[in-house]
Amino acid sequence: MSSEFFQEKAVKSPSRDEAISAFEGRQDSGTDDAEKGLSNALDDRPEPSDTKVALQRTITAQDWTGPDDPENPLNWPMWQRVYHTTVPGLFGLAVTFGSSVYTPGYKEVEKTFNVSTIVALLPLSLYVLGLAFGPVLAAPISETLGRRVVYLVSSPIAALFTLGAGFSNTFASLAITRFFAGFFGSPVLSVGAGTNVDIWAPVHRAVATSAFLLAPFLGPAIGPAVGGFAAQYKGWRWTQWPILFLLVPVYLYSLGMKETYKKIILQKRAKRLGIAPPAKVGPSGFAAVKFLITVTLFRPVRMIFTEPIVFFFSLYTGFNFSVLFGFFDAFPLVFEGVYHFDTGFSGLAFLGIGLGCCIGVATAILVNRLWYHNEYLKSHKDGRGGAVAPEHRLYSAMMGSFGLPVGLFWFAWTSRGDIHWISPVLATVPFAWGNLCVFTSAALYLVDVYGPLNGASALAANGLVRYIAGAAFPLFTLQSKFCVLEDVVEGQIC
Amino acid sequence: MSLKMLWKDKFADLIPLVYNRLGIAWATSLLGFLSLTMLPIPWVLFRFGSQIRKKSNYDTIKA
(Lines give C-alpha, C1' and ligand atoms only; values in the text may rest on other atoms or scores of the structure.)
Protein backbone atom coordinates (compact mmCIF):
# COMPACT_ATOMS: atom_id res chain seq x y z
CA MET A 1 0.00 0.00 0.00
CA SER A 2 2.86 2.28 0.61
CA SER A 3 3.67 2.23 -3.05
CA GLU A 4 0.29 3.62 -3.90
CA PHE A 5 1.96 6.97 -4.30
CA PHE A 6 3.68 5.84 -7.45
CA GLN A 7 0.39 6.11 -9.19
CA GLU A 8 -0.34 9.56 -8.11
CA LYS A 9 2.78 11.21 -6.89
CA ALA A 10 3.26 13.04 -10.12
CA VAL A 11 0.17 15.01 -9.32
CA LYS A 12 1.85 16.36 -6.23
CA SER A 13 5.41 16.48 -7.37
CA PRO A 14 6.28 19.54 -9.38
CA SER A 15 9.54 17.97 -10.48
CA ARG A 16 7.64 15.58 -12.71
CA ASP A 17 7.02 16.04 -16.35
CA GLU A 18 3.76 17.71 -17.23
CA ALA A 19 2.45 15.03 -19.53
CA ILE A 20 3.01 12.29 -17.02
CA SER A 21 1.50 14.47 -14.33
CA ALA A 22 -1.52 14.91 -16.45
CA PHE A 23 -2.21 11.30 -17.08
CA GLU A 24 -1.38 10.25 -13.56
CA GLY A 25 -3.91 12.82 -12.47
CA ARG A 26 -6.39 11.40 -14.90
CA GLN A 27 -6.00 7.94 -13.46
CA ASP A 28 -9.45 8.02 -12.02
CA SER A 29 -11.15 10.25 -14.51
CA GLY A 30 -10.20 8.42 -17.68
CA THR A 31 -13.54 6.72 -17.94
CA ASP A 32 -16.34 8.04 -20.06
CA ASP A 33 -18.77 10.50 -18.60
CA ALA A 34 -21.53 8.10 -17.81
CA GLU A 35 -19.17 5.82 -16.00
CA LYS A 36 -17.64 8.75 -14.24
CA GLY A 37 -21.03 9.87 -13.03
CA LEU A 38 -21.56 6.42 -11.65
CA SER A 39 -18.20 6.41 -10.03
CA ASN A 40 -18.90 9.77 -8.46
CA ALA A 41 -22.08 8.45 -7.03
CA LEU A 42 -20.56 5.28 -5.65
CA ASP A 43 -17.03 6.24 -4.88
CA ASP A 44 -16.19 6.85 -1.29
CA ARG A 45 -13.02 8.77 -2.04
CA PRO A 46 -12.78 12.32 -3.22
CA GLU A 47 -11.91 12.36 -6.92
CA PRO A 48 -8.55 13.84 -7.75
CA SER A 49 -8.75 17.09 -9.61
CA ASP A 50 -8.75 16.69 -13.35
CA THR A 51 -7.78 20.18 -14.33
CA LYS A 52 -5.01 18.91 -16.53
CA VAL A 53 -7.12 16.57 -18.61
CA ALA A 54 -7.22 18.87 -21.58
CA LEU A 55 -3.48 19.09 -21.88
CA GLN A 56 -2.86 15.46 -22.28
CA ARG A 57 -5.28 14.52 -25.05
CA THR A 58 -2.76 15.66 -27.60
CA ILE A 59 0.19 13.62 -26.34
CA THR A 60 -1.12 10.21 -27.18
CA ALA A 61 2.26 8.53 -27.32
CA GLN A 62 2.73 9.31 -23.70
CA ASP A 63 -0.63 8.25 -22.45
CA TRP A 64 -3.40 5.80 -23.18
CA THR A 65 -4.88 6.35 -26.61
CA GLY A 66 -8.16 7.12 -24.92
CA PRO A 67 -10.39 6.07 -22.08
CA ASP A 68 -10.99 2.74 -23.81
CA ASP A 69 -7.35 1.86 -24.47
CA PRO A 70 -7.34 -1.94 -24.17
CA GLU A 71 -3.85 -1.90 -22.72
CA ASN A 72 -4.98 0.18 -19.77
CA PRO A 73 -5.31 -2.28 -16.89
CA LEU A 74 -8.53 -0.54 -15.90
CA ASN A 75 -10.00 -1.80 -19.18
CA TRP A 76 -8.77 -5.36 -18.93
CA PRO A 77 -11.40 -8.07 -18.83
CA MET A 78 -12.76 -8.72 -15.36
CA TRP A 79 -11.15 -12.17 -15.03
CA GLN A 80 -7.73 -10.70 -15.71
CA ARG A 81 -8.17 -7.97 -13.18
CA VAL A 82 -9.39 -10.45 -10.59
CA TYR A 83 -6.39 -12.63 -11.37
CA HIS A 84 -3.99 -9.71 -10.95
CA THR A 85 -5.61 -8.92 -7.61
CA THR A 86 -5.34 -12.43 -6.26
CA VAL A 87 -1.61 -12.67 -6.97
CA PRO A 88 -0.42 -9.97 -4.52
CA GLY A 89 -2.96 -11.22 -1.98
CA LEU A 90 -1.62 -14.76 -2.14
CA PHE A 91 1.97 -13.58 -2.10
CA GLY A 92 1.21 -11.40 0.93
CA LEU A 93 -0.35 -14.38 2.65
CA ALA A 94 2.61 -16.65 1.87
CA VAL A 95 5.20 -14.10 2.99
CA THR A 96 3.56 -13.12 6.27
CA PHE A 97 2.69 -16.74 6.90
CA GLY A 98 6.45 -17.30 6.87
CA SER A 99 6.91 -15.13 9.95
CA SER A 100 4.94 -17.05 12.55
CA VAL A 101 5.16 -20.51 11.02
CA TYR A 102 8.58 -20.72 12.63
CA THR A 103 7.29 -20.18 16.17
CA PRO A 104 6.26 -23.73 17.05
CA GLY A 105 9.75 -24.91 16.15
CA TYR A 106 11.71 -22.67 18.47
CA LYS A 107 11.85 -25.11 21.38
CA GLU A 108 13.53 -27.67 19.20
CA VAL A 109 15.86 -25.04 17.74
CA GLU A 110 16.79 -24.17 21.29
CA LYS A 111 17.84 -27.74 21.95
CA THR A 112 19.39 -28.43 18.57
CA PHE A 113 21.70 -25.44 18.60
CA ASN A 114 21.96 -25.18 22.37
CA VAL A 115 20.84 -21.56 22.51
CA SER A 116 18.65 -19.69 24.95
CA THR A 117 14.94 -19.18 24.34
CA ILE A 118 15.37 -15.56 23.50
CA VAL A 119 18.04 -16.37 20.95
CA ALA A 120 15.96 -19.21 19.54
CA LEU A 121 13.24 -16.63 18.84
CA LEU A 122 15.56 -14.42 16.83
CA PRO A 123 14.72 -16.16 13.54
CA LEU A 124 11.12 -15.06 14.08
CA SER A 125 12.06 -11.50 14.99
CA LEU A 126 14.65 -11.07 12.26
CA TYR A 127 12.17 -12.23 9.64
CA VAL A 128 9.64 -9.65 10.84
CA LEU A 129 12.37 -7.02 10.91
CA GLY A 130 13.20 -7.90 7.31
CA LEU A 131 9.55 -7.30 6.41
CA ALA A 132 9.87 -3.72 7.69
CA PHE A 133 12.18 -2.80 4.86
CA GLY A 134 9.85 -3.82 2.06
CA PRO A 135 9.09 -0.34 0.72
CA VAL A 136 12.75 0.60 0.69
CA LEU A 137 13.47 -2.27 -1.66
CA ALA A 138 10.24 -2.29 -3.65
CA ALA A 139 10.10 1.41 -4.44
CA PRO A 140 13.24 1.75 -6.59
CA ILE A 141 12.57 -1.53 -8.42
CA SER A 142 8.95 -0.92 -9.28
CA GLU A 143 9.70 2.66 -10.21
CA THR A 144 12.39 1.76 -12.71
CA LEU A 145 11.51 -1.73 -13.90
CA GLY A 146 7.86 -2.10 -13.08
CA ARG A 147 5.79 -4.06 -10.64
CA ARG A 148 5.92 -7.39 -12.41
CA VAL A 149 9.67 -7.59 -11.90
CA VAL A 150 9.20 -7.13 -8.16
CA TYR A 151 6.97 -10.19 -7.97
CA LEU A 152 9.03 -12.29 -10.32
CA VAL A 153 12.47 -11.57 -8.89
CA SER A 154 12.08 -10.94 -5.18
CA SER A 155 9.98 -13.94 -4.27
CA PRO A 156 12.32 -16.62 -5.69
CA ILE A 157 15.16 -15.03 -3.74
CA ALA A 158 13.00 -15.18 -0.63
CA ALA A 159 12.27 -18.83 -1.42
CA LEU A 160 15.97 -19.61 -1.77
CA PHE A 161 16.73 -18.04 1.60
CA THR A 162 13.87 -20.00 3.11
CA LEU A 163 15.39 -23.13 1.65
CA GLY A 164 18.67 -22.08 3.21
CA ALA A 165 16.97 -21.57 6.56
CA GLY A 166 15.51 -25.05 6.48
CA PHE A 167 18.89 -26.61 5.70
CA SER A 168 20.83 -24.51 8.22
CA ASN A 169 23.34 -26.43 10.28
CA THR A 170 24.37 -23.55 12.46
CA PHE A 171 22.22 -21.12 14.34
CA ALA A 172 23.93 -18.14 12.75
CA SER A 173 23.03 -19.29 9.26
CA LEU A 174 19.44 -19.93 10.35
CA ALA A 175 19.13 -16.41 11.77
CA ILE A 176 20.72 -14.74 8.76
CA THR A 177 18.80 -16.67 6.13
CA ARG A 178 15.57 -15.96 7.97
CA PHE A 179 16.30 -12.24 7.96
CA PHE A 180 16.93 -12.22 4.23
CA ALA A 181 13.92 -14.42 3.56
CA GLY A 182 11.83 -11.71 5.22
CA PHE A 183 13.73 -8.92 3.53
CA PHE A 184 13.27 -10.31 0.03
CA GLY A 185 9.74 -11.44 0.76
CA SER A 186 8.65 -7.99 1.85
CA PRO A 187 8.57 -6.14 -1.50
CA VAL A 188 5.48 -8.06 -2.61
CA LEU A 189 3.70 -6.68 0.46
CA SER A 190 4.38 -3.09 -0.43
CA VAL A 191 3.97 -3.37 -4.18
CA GLY A 192 0.61 -5.13 -3.93
CA ALA A 193 -1.32 -2.00 -3.05
CA GLY A 194 0.16 -0.29 -6.10
CA THR A 195 -1.05 -3.14 -8.28
CA ASN A 196 -4.55 -2.74 -6.88
CA VAL A 197 -4.48 0.96 -7.66
CA ASP A 198 -3.41 0.15 -11.22
CA ILE A 199 -6.24 -2.19 -12.02
CA TRP A 200 -9.25 -1.02 -10.05
CA ALA A 201 -11.12 2.23 -10.39
CA PRO A 202 -11.78 3.72 -6.94
CA VAL A 203 -15.35 2.41 -6.95
CA HIS A 204 -14.17 -1.18 -6.75
CA ARG A 205 -10.83 -0.55 -5.15
CA ALA A 206 -12.02 -0.47 -1.55
CA VAL A 207 -12.98 -4.13 -1.61
CA ALA A 208 -9.81 -5.26 -3.38
CA THR A 209 -7.58 -3.22 -1.09
CA SER A 210 -9.32 -4.32 2.08
CA ALA A 211 -9.02 -7.94 1.07
CA PHE A 212 -5.36 -7.32 0.39
CA LEU A 213 -4.90 -5.69 3.82
CA LEU A 214 -6.18 -8.88 5.35
CA ALA A 215 -3.12 -10.83 4.18
CA PRO A 216 -0.57 -9.42 6.65
CA PHE A 217 -2.88 -10.35 9.50
CA LEU A 218 -4.25 -13.63 8.25
CA GLY A 219 -0.85 -15.01 7.24
CA PRO A 220 0.63 -14.83 10.75
CA ALA A 221 -2.57 -16.32 12.17
CA ILE A 222 -2.43 -19.40 9.95
CA GLY A 223 1.32 -19.84 10.41
CA PRO A 224 1.35 -21.44 13.85
CA ALA A 225 -1.53 -23.75 12.98
CA VAL A 226 0.49 -25.26 10.15
CA GLY A 227 3.88 -24.90 11.80
CA GLY A 228 2.58 -26.58 14.94
CA PHE A 229 1.80 -29.83 13.20
CA ALA A 230 4.96 -29.60 11.13
CA ALA A 231 7.11 -29.13 14.22
CA GLN A 232 5.33 -31.82 16.15
CA TYR A 233 5.56 -34.57 13.58
CA LYS A 234 8.55 -33.63 11.49
CA GLY A 235 10.80 -31.27 13.44
CA TRP A 236 11.73 -27.63 13.15
CA ARG A 237 13.14 -27.85 9.63
CA TRP A 238 9.64 -28.67 8.49
CA THR A 239 8.41 -25.32 9.76
CA GLN A 240 10.28 -23.81 6.80
CA TRP A 241 9.06 -26.11 4.05
CA PRO A 242 5.38 -25.01 4.26
CA ILE A 243 6.57 -21.53 3.25
CA LEU A 244 7.96 -23.06 0.08
CA PHE A 245 4.84 -25.17 -0.44
CA LEU A 246 2.95 -21.88 -0.50
CA LEU A 247 5.47 -19.69 -2.27
CA VAL A 248 6.26 -22.00 -5.16
CA PRO A 249 2.68 -22.58 -6.35
CA VAL A 250 1.88 -18.90 -5.87
CA TYR A 251 4.96 -18.05 -7.89
CA LEU A 252 3.95 -20.40 -10.71
CA TYR A 253 0.46 -18.93 -10.55
CA SER A 254 1.95 -15.44 -10.81
CA LEU A 255 3.89 -16.18 -13.99
CA GLY A 256 0.91 -15.19 -16.10
CA MET A 257 1.05 -11.68 -14.71
CA LYS A 258 1.43 -8.72 -17.02
CA GLU A 259 2.86 -5.36 -16.15
CA THR A 260 0.21 -3.17 -14.57
CA TYR A 261 2.20 0.01 -13.92
CA LYS A 262 1.08 2.62 -16.42
CA LYS A 263 4.47 4.26 -16.76
CA ILE A 264 6.17 0.98 -17.67
CA ILE A 265 3.40 -0.20 -20.00
CA LEU A 266 3.68 3.02 -21.95
CA GLN A 267 7.46 2.81 -22.09
CA LYS A 268 7.27 -0.71 -23.47
CA ARG A 269 4.60 0.18 -25.97
CA ALA A 270 6.61 3.13 -27.21
CA LYS A 271 9.59 0.88 -27.73
CA ARG A 272 7.50 -1.77 -29.49
CA LEU A 273 5.88 0.71 -31.86
CA GLY A 274 9.10 2.58 -32.45
CA ILE A 275 7.67 5.87 -31.30
CA ALA A 276 9.60 8.26 -29.14
CA PRO A 277 9.57 7.02 -25.58
CA PRO A 278 7.98 9.23 -22.97
CA ALA A 279 10.36 11.99 -22.01
CA LYS A 280 12.57 11.09 -19.11
CA VAL A 281 10.93 12.54 -16.09
CA GLY A 282 12.02 13.58 -12.67
CA PRO A 283 15.39 12.95 -11.18
CA SER A 284 17.50 10.18 -12.65
CA GLY A 285 20.30 7.97 -11.47
CA PHE A 286 21.52 8.64 -7.97
CA ALA A 287 19.08 11.50 -7.46
CA ALA A 288 16.16 9.18 -8.24
CA VAL A 289 17.32 6.60 -5.73
CA LYS A 290 17.81 9.34 -3.18
CA PHE A 291 14.32 10.62 -3.84
CA LEU A 292 12.83 7.18 -3.32
CA ILE A 293 14.77 6.51 -0.17
CA THR A 294 13.65 9.87 1.13
CA VAL A 295 10.03 8.94 0.53
CA THR A 296 10.30 5.44 1.95
CA LEU A 297 12.77 5.88 4.78
CA PHE A 298 13.96 9.37 5.75
CA ARG A 299 10.69 11.25 5.53
CA PRO A 300 8.76 8.53 7.36
CA VAL A 301 11.21 8.68 10.23
CA ARG A 302 10.98 12.45 10.36
CA MET A 303 7.20 12.33 10.25
CA ILE A 304 7.09 10.01 13.24
CA PHE A 305 8.81 12.65 15.32
CA THR A 306 7.26 15.81 13.92
CA GLU A 307 3.68 14.86 13.07
CA PRO A 308 1.48 14.01 16.05
CA ILE A 309 -1.04 12.21 13.86
CA VAL A 310 1.63 9.94 12.42
CA PHE A 311 3.24 9.47 15.82
CA PHE A 312 0.07 8.45 17.62
CA PHE A 313 -1.22 6.15 14.91
CA SER A 314 2.18 4.54 14.50
CA LEU A 315 2.30 4.04 18.24
CA TYR A 316 -1.18 2.59 18.30
CA THR A 317 -0.92 0.22 15.35
CA GLY A 318 2.64 -0.64 16.33
CA PHE A 319 1.46 -1.62 19.79
CA ASN A 320 -1.45 -3.63 18.42
CA PHE A 321 0.72 -5.42 15.93
CA SER A 322 3.30 -6.28 18.54
CA VAL A 323 0.64 -7.64 20.87
CA LEU A 324 -0.53 -9.77 17.95
CA PHE A 325 2.99 -11.08 17.53
CA GLY A 326 3.29 -11.38 21.30
CA PHE A 327 0.37 -13.80 21.15
CA PHE A 328 2.52 -16.11 19.10
CA ASP A 329 4.56 -16.48 22.24
CA ALA A 330 1.80 -16.46 24.77
CA PHE A 331 -0.28 -19.08 22.99
CA PRO A 332 1.95 -22.08 23.58
CA LEU A 333 2.16 -20.91 27.17
CA VAL A 334 -1.58 -20.93 27.57
CA PHE A 335 -2.67 -23.76 25.35
CA GLU A 336 0.19 -26.13 25.99
CA GLY A 337 0.98 -25.02 29.52
CA VAL A 338 -2.51 -24.52 30.92
CA TYR A 339 -4.72 -26.61 28.66
CA HIS A 340 -2.17 -29.29 27.78
CA PHE A 341 -2.76 -29.10 24.05
CA ASP A 342 0.01 -30.64 22.05
CA THR A 343 2.06 -28.39 19.80
CA GLY A 344 -0.05 -29.02 16.72
CA PHE A 345 -3.36 -28.20 18.30
CA SER A 346 -2.13 -25.12 20.13
CA GLY A 347 -1.52 -23.61 16.70
CA LEU A 348 -5.18 -24.07 15.86
CA ALA A 349 -5.98 -21.57 18.61
CA PHE A 350 -4.80 -18.88 16.18
CA LEU A 351 -7.79 -19.48 13.99
CA GLY A 352 -9.73 -17.23 16.38
CA ILE A 353 -7.44 -14.42 15.30
CA GLY A 354 -8.07 -15.29 11.67
CA LEU A 355 -11.82 -15.11 12.25
CA GLY A 356 -11.48 -11.74 14.00
CA CYS A 357 -9.45 -10.38 11.11
CA CYS A 358 -12.09 -11.42 8.57
CA ILE A 359 -14.85 -9.79 10.61
CA GLY A 360 -12.63 -6.71 10.91
CA VAL A 361 -12.27 -6.36 7.15
CA ALA A 362 -16.00 -6.80 6.70
CA THR A 363 -16.59 -4.10 9.32
CA ALA A 364 -14.16 -1.72 7.70
CA ILE A 365 -15.75 -2.11 4.28
CA LEU A 366 -19.25 -1.81 5.67
CA VAL A 367 -18.53 1.24 7.83
CA ASN A 368 -16.87 2.93 4.92
CA ARG A 369 -19.77 2.19 2.63
CA LEU A 370 -22.45 3.22 5.07
CA TRP A 371 -21.08 6.20 6.99
CA TYR A 372 -18.24 7.64 4.99
CA HIS A 373 -20.26 7.36 1.85
CA ASN A 374 -23.12 9.25 3.45
CA GLU A 375 -20.77 12.07 4.32
CA TYR A 376 -19.55 12.03 0.76
CA LEU A 377 -23.05 12.39 -0.65
CA LYS A 378 -23.90 15.06 1.91
CA SER A 379 -20.80 16.97 0.90
CA HIS A 380 -21.93 16.89 -2.71
CA LYS A 381 -25.37 18.12 -1.76
CA ASP A 382 -23.93 21.00 0.26
CA GLY A 383 -21.82 22.06 -2.69
CA ARG A 384 -18.53 21.13 -1.13
CA GLY A 385 -17.68 19.06 -4.16
CA GLY A 386 -17.32 15.77 -2.38
CA ALA A 387 -14.68 16.95 0.06
CA VAL A 388 -15.06 14.99 3.26
CA ALA A 389 -13.13 15.63 6.44
CA PRO A 390 -10.72 12.70 6.81
CA GLU A 391 -11.92 12.33 10.40
CA HIS A 392 -14.89 10.43 8.98
CA ARG A 393 -12.44 7.65 8.17
CA LEU A 394 -12.05 7.06 11.88
CA TYR A 395 -15.36 5.41 12.66
CA SER A 396 -14.08 1.87 12.47
CA ALA A 397 -10.99 2.75 14.54
CA MET A 398 -13.27 4.23 17.18
CA MET A 399 -15.27 1.02 17.27
CA GLY A 400 -12.22 -1.16 17.15
CA SER A 401 -10.52 0.70 19.97
CA PHE A 402 -12.91 -1.06 22.35
CA GLY A 403 -12.35 -4.48 20.89
CA LEU A 404 -8.68 -4.48 21.84
CA PRO A 405 -8.95 -4.08 25.64
CA VAL A 406 -12.08 -6.24 25.74
CA GLY A 407 -10.23 -9.06 24.00
CA LEU A 408 -7.10 -8.67 26.11
CA PHE A 409 -8.85 -8.63 29.50
CA TRP A 410 -11.10 -11.48 28.44
CA PHE A 411 -8.06 -13.50 27.41
CA ALA A 412 -6.23 -12.52 30.59
CA TRP A 413 -8.80 -13.71 33.05
CA THR A 414 -10.23 -16.78 31.38
CA SER A 415 -6.98 -18.50 30.47
CA ARG A 416 -7.32 -20.85 33.39
CA GLY A 417 -7.49 -24.58 33.72
CA ASP A 418 -10.99 -24.46 35.21
CA ILE A 419 -12.43 -22.48 32.30
CA HIS A 420 -12.96 -24.12 28.93
CA TRP A 421 -10.24 -23.46 26.35
CA ILE A 422 -12.76 -22.02 23.93
CA SER A 423 -12.99 -18.89 26.07
CA PRO A 424 -9.44 -17.57 25.49
CA VAL A 425 -9.75 -18.57 21.83
CA LEU A 426 -12.94 -16.54 21.49
CA ALA A 427 -11.27 -13.66 23.34
CA THR A 428 -8.83 -13.28 20.47
CA VAL A 429 -11.72 -12.54 18.09
CA PRO A 430 -12.54 -9.03 19.43
CA PHE A 431 -8.84 -8.35 19.76
CA ALA A 432 -8.08 -9.20 16.14
CA TRP A 433 -11.23 -7.45 14.97
CA GLY A 434 -10.23 -4.24 16.78
CA ASN A 435 -6.70 -4.52 15.50
CA LEU A 436 -7.83 -4.67 11.90
CA CYS A 437 -10.43 -1.93 12.32
CA VAL A 438 -7.83 0.41 13.78
CA PHE A 439 -5.29 -0.49 11.13
CA THR A 440 -7.51 0.03 8.09
CA SER A 441 -8.89 3.25 9.53
CA ALA A 442 -5.42 4.56 10.23
CA ALA A 443 -4.23 3.71 6.72
CA LEU A 444 -7.17 5.46 5.04
CA TYR A 445 -6.95 8.42 7.41
CA LEU A 446 -3.23 9.00 6.91
CA VAL A 447 -3.53 8.95 3.12
CA ASP A 448 -6.51 11.29 3.23
CA VAL A 449 -4.75 13.74 5.53
CA TYR A 450 -1.39 13.85 3.82
CA GLY A 451 -2.33 13.23 0.21
CA PRO A 452 -0.88 10.47 -1.97
CA LEU A 453 2.82 11.29 -1.79
CA ASN A 454 3.32 12.26 1.85
CA GLY A 455 0.58 9.80 2.72
CA ALA A 456 2.79 7.04 1.35
CA SER A 457 5.56 8.24 3.65
CA ALA A 458 3.14 8.35 6.57
CA LEU A 459 2.13 4.79 5.80
CA ALA A 460 5.74 3.75 5.46
CA ALA A 461 6.35 5.26 8.92
CA ASN A 462 3.47 3.22 10.20
CA GLY A 463 4.88 0.08 8.60
CA LEU A 464 8.36 0.65 9.98
CA VAL A 465 7.09 1.08 13.52
CA ARG A 466 4.69 -1.81 13.14
CA TYR A 467 7.24 -4.34 11.99
CA ILE A 468 10.08 -3.19 14.21
CA ALA A 469 7.77 -3.32 17.22
CA GLY A 470 6.48 -6.68 16.02
CA ALA A 471 10.07 -7.89 15.82
CA ALA A 472 11.09 -6.64 19.26
CA PHE A 473 8.02 -7.59 21.20
CA PRO A 474 8.24 -11.38 21.20
CA LEU A 475 11.75 -11.06 22.52
CA PHE A 476 10.58 -9.24 25.55
CA THR A 477 7.37 -11.07 26.31
CA LEU A 478 8.75 -14.45 25.50
CA GLN A 479 11.94 -14.47 27.38
CA SER A 480 9.77 -15.42 30.25
CA LYS A 481 9.21 -18.73 28.55
CA PHE A 482 12.39 -20.36 29.55
CA CYS A 483 11.10 -20.53 33.03
CA VAL A 484 7.38 -20.13 32.65
CA LEU A 485 6.58 -22.96 30.34
CA GLU A 486 8.40 -25.46 32.48
CA ASP A 487 7.03 -24.04 35.68
CA VAL A 488 3.48 -23.61 34.52
CA VAL A 489 3.47 -27.23 33.60
CA GLU A 490 4.73 -28.08 37.03
CA GLY A 491 1.93 -26.01 38.46
CA GLN A 492 3.80 -23.00 39.72
CA ILE A 493 4.56 -19.60 38.33
CA CYS A 494 8.11 -18.51 38.86
CA MET B 1 27.61 -22.96 31.46
CA SER B 2 25.13 -22.92 28.69
CA LEU B 3 23.93 -19.71 27.15
CA LYS B 4 20.58 -20.38 28.67
CA MET B 5 21.99 -20.58 32.18
CA LEU B 6 24.05 -17.49 31.54
CA TRP B 7 20.96 -15.66 30.45
CA LYS B 8 19.06 -16.76 33.49
CA ASP B 9 21.82 -15.78 35.85
CA LYS B 10 23.00 -12.53 34.44
CA PHE B 11 20.18 -10.92 32.61
CA ALA B 12 16.98 -12.33 33.92
CA ASP B 13 16.76 -9.70 36.61
CA LEU B 14 17.71 -6.79 34.43
CA ILE B 15 14.68 -6.81 32.19
CA PRO B 16 11.20 -6.92 33.60
CA LEU B 17 10.12 -10.44 32.90
CA VAL B 18 6.60 -9.69 31.99
CA TYR B 19 5.08 -13.08 31.86
CA ASN B 20 6.89 -14.87 34.61
CA ARG B 21 6.74 -12.06 37.15
CA LEU B 22 3.10 -11.37 36.58
CA GLY B 23 1.64 -14.60 35.32
CA ILE B 24 -0.55 -14.88 32.27
CA ALA B 25 -3.52 -13.01 33.74
CA TRP B 26 -1.72 -9.91 34.92
CA ALA B 27 0.75 -9.79 32.06
CA THR B 28 -2.06 -9.82 29.52
CA SER B 29 -3.99 -7.36 31.69
CA LEU B 30 -0.99 -5.07 31.56
CA LEU B 31 -1.32 -5.10 27.78
CA GLY B 32 -5.03 -4.53 28.24
CA PHE B 33 -4.35 -1.44 30.36
CA LEU B 34 -1.88 -0.17 27.79
CA SER B 35 -4.49 -0.63 25.07
CA LEU B 36 -6.93 1.32 27.27
CA THR B 37 -4.51 4.23 27.45
CA MET B 38 -4.37 4.26 23.65
CA LEU B 39 -8.11 3.85 23.17
CA PRO B 40 -8.72 7.62 23.08
CA ILE B 41 -6.35 8.14 20.12
CA PRO B 42 -8.94 7.76 17.34
CA TRP B 43 -11.56 9.58 19.43
CA VAL B 44 -9.29 12.53 20.11
CA LEU B 45 -8.29 12.69 16.45
CA PHE B 46 -11.92 12.55 15.45
CA ARG B 47 -12.64 15.55 17.67
CA PHE B 48 -9.47 17.60 17.24
CA GLY B 49 -8.04 16.17 14.03
CA SER B 50 -8.86 19.22 11.95
CA GLN B 51 -7.01 21.53 14.35
CA ILE B 52 -4.02 19.22 14.51
CA ARG B 53 -3.93 18.99 10.73
CA LYS B 54 -3.80 22.76 10.38
CA LYS B 55 -0.62 22.91 12.44
CA SER B 56 1.13 20.27 10.35
CA ASN B 57 4.39 21.07 8.58
CA TYR B 58 3.23 19.13 5.54
CA ASP B 59 0.48 19.86 3.08
CA THR B 60 -2.65 18.43 4.52
CA ILE B 61 -6.16 18.19 3.18
CA LYS B 62 -8.41 21.16 3.68
CA ALA B 63 -11.81 19.84 4.57
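Mentor: Start with burial: buried means under 20% relative accessible area, exposed means over 50%, and partly exposed is in between (1.4 Å probe, protein chains only). The model is predicted, so local features need pLDDT of at least 70 and side-chain atom pairs count only at pLDDT 80 or more, while totals for chains, interfaces and linings use all residues. Residues are numbered from 1 along each chain as its sequence is written, chains are lettered from A and ligands numbered from 1 in the order in which they are written, and side-chain values use heavy atoms, leaving out hydrogens and water.

Now the rings. Phe, Tyr and Trp (its six-membered ring) pair if their centres lie within 6.5 Å; planes under 30 degrees apart are stacked, over 60 edge-to-face, the rest tilted. Over all chains, that gives 26 aromatic pairs. Take A:Phe113 and A:Trp236: their centres are 5.8 Å apart and their planes at 65 degrees, so this pair is edge-to-face. A:Phe113 sits in helix α6 (residues 106–113) of chain A, and A:Trp236 in the loop between α13 (202–234) and α14 (241–254), so the pair ties together parts 123 residues apart in sequence. Helices here are DSSP runs (H or I, at least four residues), numbered from the N terminus. Both partners are buried: A:Phe113 has a relative accessible area of 15%, A:Trp236 one of 2%.

Next, A:Tyr395 and B:Phe46. Their ring centres are 5.5 Å apart with planes at 50 degrees, so the pair is tilted. This pair crosses between chains, from helix α20 (residues 395–414) of chain A to helix α3 (residues 40–54) of chain B. A:Tyr395 is buried at 15%; B:Phe46 is partly exposed at 29%.

One aromatic cluster is formed by A:Phe161, A:Phe179, A:Phe180, A:Phe183 and A:Phe184.

Some rings carry a charge over the face (NZ of Lys or CZ of Arg within 6 Å of the ring centre and within 35 degrees of the ring normal). A:Arg147 lies over A:Tyr261, at 4.2 Å from the ring centre. B:Arg47 lies over B:Phe48, at 4.8 Å.

Last, the nonpolar core: buried Ala, Val, Leu, Ile, Met, Phe, Trp, Tyr and Cys residues joined through side-chain atoms within 4.5 Å. The largest has 101 residues, and A:Phe313, A:Phe327, A:Ile353 and A:Tyr450 touch the most other members. Helix α21 (residues 422–478) of chain A gives the largest share, 21 residues. Beyond neighbours within four places in sequence, A:Tyr450 contacts (heavy atoms within 4.5 Å) residues including A:Met303, A:Ile309, B:Ser56 and B:Tyr58.

Notes: Helix = DSSP H or I, 4+ residues; strand = E, 2+ residues; numbered from the N terminus.
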